[in-house]
Amino acid sequence: MEAETQVCPVCAMSISSHALRCPHCRARQPNAPPINRGSSKQVAGVCAMIAEELSLDPTLVRVLFVCLVTVSGGLVLGAYILLWLVTPPVPNGLSPVSRFSRWIDGLFSSSSTPPQQPASPS
Ligand SMILES: [Zn+2]
């Protein structure tokens, strides 16, 4: 049985139809789901997302992350939190920043109509 293949739109090489990125030119494929933290998360999914995007082992990325947090004195932890804030938890989902923005919009766009001005007597 032959595996299903697709043609990379960037380098025109034949690649697996399940590939998120072309193994030849590293181009993200059009059928790849949008970047998200959904798969195989342990804490917030940022390390798993980075591992998936870079085609690395999630455990390796997590070990590197812990080492970098220790060495950087928390700077990398700030980058982790920033990445968590701007990436959606599921494909085509809303990031925490987007959800907060929508919540703020909801606060200031009340559903009630503005008070009617009484007609001024002429
Ligand atoms: Zn390619």
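The model is predicted: local features need pLDDT of at least 70, side-chain atom pairs count only at pLDDT 80 or more, and totals for chains, interfaces and linings use all residues. Residues are numbered from 1 along each chain as its sequence is written.

**Helix H4.** I looked up its span: H4 (residues 96–108) reaches 19 Å from first C-alpha to last, close to the 18 Å expected at 1.5 Å a residue. The expected span is 1.5 Å times one less than the number of residues. Helices (H or I, at least four residues) and strands (E, at least two) are DSSP runs numbered from the N terminus.

**H2 and H3.** I found the axes of H2 (residues 58–72) and H3 (residues 75–86) within 6 Å, crossing at roughly 125°. Axes are lines fitted to C-alpha atoms, for helices over the stretch in contact, and angles run from 0 to 180 degrees between N-to-C directions. H2 and H3 are therefore oblique (under 35 degrees is roughly parallel, over 145 roughly antiparallel, 65 to 115 roughly perpendicular, the rest oblique). Phe 65, Leu 68, Val 69 and Ser 72 of H2 meet Leu 75, Val 76 and Leu 77 of H3, contact being C-beta atoms, placed from the backbone, within 7 Å.

**Asn 92.** I noted a positive phi near 60° at Asn 92, in the loop between H3 and H4. Asn 92 counts as exposed because it has 8 C-beta neighbours inside 10 Å.

Methods
Two residues are in contact if their C-beta atoms, placed from the backbone, lie within 7 Å. A residue is buried if 20 or more other C-beta atoms lie within 10 Å of its own, exposed if 12 or fewer, and partly exposed in between; C-beta atoms are placed from the backbone.
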